[in-house]
Amino acid sequence: MNAPRMTTVDRDWNAFATPRTDGTVHMDLAVEGITCAACMSTIERGLRTLPGVTEARVNLTTHRLALGWKPGEAEAGTLIRRLEKLGYRAHPFDPGRRSAEEEAEAKELLRCMGVSGFGAMNIMLLSVSVWAGNVTDIDPATRDLFHWISALIAFPVVAYSARPFFRSAGRALRAFRTNMDVPISIGVVLTLGLSIFETLRSAEHAFFDSVVMLLFFLLTGRFLDHNMRRRTRSVAENVAALRVESAAKILPDGQIRDVPLSKVDPGDLVLVRPGERVSVDGVVEDGSSDIDQSLVTGETTLVGVGVGARVYAGTLNVGGLLRVRVTAATEGTLLDEVNTLLESAAQAKSKYMRLADRAASAYAPVVHASALLTFLGWWLILGLGVADSLVIAVSVLIITCPCALALAIPTVQVVASGVLFKAGVLLHSGDAIERLAAVDTVVFDKTGTLTLPEPRLLNGDDVDPDRLDRAGRLARASRHPLGQALAEVTRAVAPPMEVREEPGRGIETALDGQFERLGSPAFCGTDPAAVAALLARFPGASLVAHRVGDEAPVLFAFEQGLRRDAREVVDRLKAMGLAVEILSGDREAAVADVAATLGVARFAAGLGPTDKIARLETLKADGRRVLMVGDGLNDAPALASAHVSLSPVTAVHLSQAAADAVFLGDRLAPVVAALGMARRARTAMVQNLWLSVIYNLIAVPVAVAGWVTPLIAALAMSGSSVIVTLNALRLRLGTGATAADHAPVATDPTAAPMPAPGVVRT
Amino acid sequence: MDVLIFLIPIALGLGLLGLFAFMWSLKAGQYEDLEGAGWRILDDSDLQDRRPGEPTDGRADR
């Protein structure tokens, strides 16, 4: 009864489109499968030839497509179907969820960088002339002119380009904190003031070039940092868009439309088809089915639901068609509990003091004190004039300018997150690297983290391959996850033409005059003894039976398979000296089985969100730093409360948001890669901090002695910045293999949790 | 040193020109897709059906 309705659902693509002032409509899509330049021109040419299309431009960096068309002449649905025909799955972004703020910030940084770059080059032009003139025969009047022109450039440039630093410093000071931007702002303002003062005195040296060059370097570092995070976020957004966070809404007039989640309100009625993930929390109004709640509770046993039962976003409907009345997200009992726990976990999490902030808090007082002492020393002890003493004191500030220090950590973060990005790990925060480096215990969730979300055939070797193919052919017609898993392991391509589906039980067909059934053992009339025997061999397995005519049915046993490299990863983590534990919401037997296979001695089963947090708290009290790896809704609070956390890309939205990083692909290897990279990055950060300390140890005495000239300042500044950056770039060495190994996963894991769109139905 | 009267404004003017060019390119979205831009230059599909009567320089498909 449900088959025809499934096909009549229209996607309401227009909800994703935004009208433009020139009468056309614009839409941004995340496109899956773009790998090279050829894809780019295939898509663009394929779409531009359609009537009414005004714009089709692929962005190869972000794997996105910008589409524009004239409403009436073209339609979003046709364009997306055309893309599908070309071989690319695409899904539009929900316009309500895009972050324009990020874009604006990146553009502002780039503009500031451009302005300061212009200023630095032009002032340097004049400064080099002055430096050359100072050792030859420059006319003092000409030198003053050059200094005044420099001042004329430097003033507006600083006023414009230093705004990001001033703003951040102002915010920190208002909150009675200090950060790196406070000494930067003080240094910039003082240097500019001193240079103007020196120009007024017709002095030989002015530091206009130093101040603008400092800004240029700092802005470059900041832009790179920002860009890296933006790139990570855009991939995460693509993944989210391709996971089709939409719901089939039933309109009051009975029509069914697929709409983005932001257009679904509490009280709406949505349709959940078999094989689909439930996208909302709600109460079943009509229909009955089995629900796979593993992503929410960690439990792998299917739960039967009927009218009045509660269903949760993220669960998988494996049985029949459901009509669900949407409830407000906060009303759900389980979600409520998770949200409260999540909030308290985030609050209780002791604020981690970032390395950069720690360096800044040590740096500022030392530098400012030594500048003050220099001033007092020259003025009171050595009897120099106030003005000259002040010049020397400020030159101490200039030479210690936190150039190297400000670049020391961001450059490492940029390089490390770039390497991790290629290895399939997307970091949410830069300091996650530092926290990862300190980890000594790794806690895994079982379902969906150590195991794959898709089921795996256990007894494939027992079954005759031809019979397997025959079953697989019928299974192609099924939307049930077990049916699809069966079809995947066979060579079967096309499903039989006429298939009848009995929701929740199985499918049947008549092939070559023979009656054929695939479904639950009872549906195929299997001997209960055979079922019991197979279950004894594979405890906890899910069974599918296949019957041809009057023959005895063949049974297939399925289990959620471990990730291919789970054992290897656990071994490698142990080799790295880390303690490994499993905390799961699943049954004791299932967890014990996995723990034994992986060689993990410590595990706990049947845990709720509160129990997981309690275990993490115990570990924390023992002085452990825990990396939590989990995917389910029930893991979200634990992810937030752990020292640092990772979650696979198949995880529920809430968990991904709570985790510090998300990893892509079917393998667990990125966990090891992340930990290894983090340790190396941490070493590089500490090295960089020491490099800037050493630099200051050499430079400060020179400045205190009053020997610093703008030329020395310029050389020291760029020299130290370059050294620090080169040291950070060293992290890239020796990572080539892993990068190539994992690069392709960046686009395909999104397909994993969903039924293939091309599955044929009757 | 009278030549400075010309040289300095010229130098600054050129610098400003560069700055404006950068600002324009930023605004025009030239940095939106650095990877794609590198490949687009190699794509000659926009030339194929320019002049039907022209020799096809060895391309079999035209």
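Me: What makes a residue of chain B count as buried, and what share of the 62 residues is that?
Reply: Buried means under 20% relative accessible area. In this predicted model, 19% of the 62 residues in chain B are buried, so that share falls under the 20% cut-off for accessible area.

Me: What secondary structure does chain B have?
Reply: Chain B has 2 helices and 0 strands. Its accessible surface is about 5100 Å², with 64% belonging to carbon and sulfur atoms.

Me: Why is the pair B:Arg40 and A:Glu44 called a salt bridge?
Reply: The rule asks for a side-chain nitrogen of Lys or Arg within 4 Å of a carboxyl oxygen of Asp or Glu. B:Arg40 and A:Glu44 meet at 2.9 Å, N to O, which is within 4 Å, so the pair is a salt bridge. Across the interface of chain A and chain B the rule finds 1 salt bridge.

Me: Which elements of chain A give two or more residues to the side that touches chain B?
Reply: They are α2 (37–48), β4 (53–59), α4 (100–135) and α5 (140–161) of chain A. The most comes from α4(A), with 8 residues.

Me: How do the residues on that side of chain A divide into nonpolar, polar and charged?
Reply: There are 12 nonpolar, 6 polar and 5 charged residues on the side of chain A that touches chain B.

Me: How many residues of each chain are in contact, and what area do chain A and chain B bury between them?
Reply: 23 residues of chain A are in contact with 20 residues of chain B. The two chains bury about 1900 Å² between them, 69% of it on carbon and sulfur atoms.

Conventions. Residues numbered from 1 in each chain as written. Chains lettered and ligands numbered in written order. Predicted model: local features only at pLDDT ≥ 70, side-chain atom pairs only at ≥ 80, totals over all residues. Heavy atoms only, no water. Helix = DSSP H or I, 4+ residues; strand = E, 2+ residues; numbered from the N terminus. Buried < 20%, exposed > 50% of the residue type's maximum accessible area, 1.4 Å probe, protein only. Areas by Shrake-Rupley, 256 points an atom, 1.4 Å probe, with all protein chains shown as cover. Contact = heavy atoms within 4.5 Å. Buried area = accessible area lost by both parts, 1.4 Å probe. Nonpolar A, V, L, I, M, F, W, Y, C, P; charged D, E, K, R; others polar.
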